Amino acid sequence: MEREVRLIPYQLIAEIEEVTEVPKGVEMIQAQELWEKTKGKGITIAILDTGCELTHIDLKDRIIGGRNFTKDDRGDQNNFRDYNGHGTHVAGTMAATANETGVTGVAPEANLLIVKVLNKKGSGQYEWIINGIYYAIEQKVDIISMSLGGPEDVPELHEAIKKAVANGILVVCAAGNEGDGRDSTEELSFPAAYNEVISVGATSLNRKISDFSNSNREVDLVAPGENIVSTFLNGKYAKLTGTSMATPHVSGALALIKAISNQTFERNLTEPELYAQLIRRTIPLGNSPKLEGNGMVYLTTIDYLTKLVSAKEEQEVLNV
């Protein structure tokens, strides 16, 4: 269990001092259209990553606790501070709450449980991640989000994920950034390649599949993952690229979907039922399922498809 797992590699495009916007990725998936119904209140997402900047003004009110499983800070379990920036960035995409200035995440009232399983260098032991998953299960979270991976199929990791899913927890993972833009090849990263998880590939802000996004039969859907603006270290913001950036869009979307579904059905839906609700809210982009799975997450799919039909009918009338 001494083998290492790492962050899904990502690209830092720019650091930004001040931001006042709803990020384009949040707009692309139509998250704002659901905010009148819910902003994810009462839903808890466990972020298994490099920790989080706990004092960031856009995040501090969302964080409900956490634990450090790494050797950073001499292994102090109660210190889950982020020295890397990756964990802080994905946290912001999920649930940041802008304060006059700043960014707003997909589910800006969701709770965040910070589970630090990767150190300041972005690497960790499988044992840390496995322990982090079991900790999240014990805390009865609704969603586990992991933008990390490695080439090895580790049975103990797979077993922990199965346990989480059996407890009704949605497990969302970055598909990986080893892609070559072709569906004729397969690139596998674990845990994203496990059938039990929701594997997320990336698109550009123009809805094009990112060349780096892994292609394989386990990809479930895609989300914006290029030039994503979110929270970063030292109270700043940053623009990052990678399937790591796509994953929190889906985790945040699931927080909204679960909150709405609980209200609508007046009960807690099972993990398969919630997965079905997510897939209902996707739109096809015209690529192989190995590249895009069921399509891009789009939280108002019915409205979008209605517009498509209306546009098509209008075009047919013009062509007569």
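This is a predicted model: local features need pLDDT of at least 70, side-chain atom pairs count only at pLDDT 80 or more; totals for chains, interfaces and linings use all residues.
Local features need pLDDT of at least 70 and side-chain atom pairs count only at pLDDT 80 or more, while totals for chains, interfaces and linings use all residues. Residues are numbered from 1 along each chain as its sequence is written, and side-chain values use heavy atoms, leaving out hydrogens and water.

Student: How many bridges pair strand β2 with β15?
Tutor: Strands are DSSP runs of E with at least two residues, helices runs of H or I with at least four, numbered from the N terminus; two strands pair if DSSP finds at least two bridges between them. In β15 (residues 237–241), four of the five residues are buried. L12 stands opposite L240 in β15. The pairing of β2 (residues 11–16) with β15 is antiparallel, and its bridges number five.

Student: Which residue in the turn between β14 and β15 has a positive phi?
Tutor: Strand β14 (residues 228–231) pairs with β15 in the antiparallel sense over four bridges, with V229 as the bridge partner of K239. The two strands form a hairpin with five residues between them. The turn residue with a phi of about 60 degrees is N234.

Student: Are helices α3 and α4 roughly parallel or roughly antiparallel?
Tutor: Axes are lines fitted to C-alpha atoms over the stretch in contact, and angles run from 0 to 180 degrees between N-to-C directions. Helix α3 (residues 126–138) packs on α4 (residues 155–166) at about 10 degrees, with the axes 10 Å apart. Angles under 35 degrees count as roughly parallel, over 145 as roughly antiparallel, 65 to 115 as roughly perpendicular and the rest as oblique. The two helices are therefore roughly parallel.

Student: Is R74, which has a positive phi, buried or exposed?
Tutor: R74 lies in the loop between β5 (63–68) and α2 (86–95), and its phi is near 55 degrees. Because its relative accessibility is 86%, R74 counts as exposed.

Student: Which residue is joined to F190 by a cis peptide bond?
Tutor: Omega of this bond is about 20 degrees.

Key
Buried means under 20% relative accessible area, exposed over 50%, partly exposed in between (1.4 Å probe, protein chains only).
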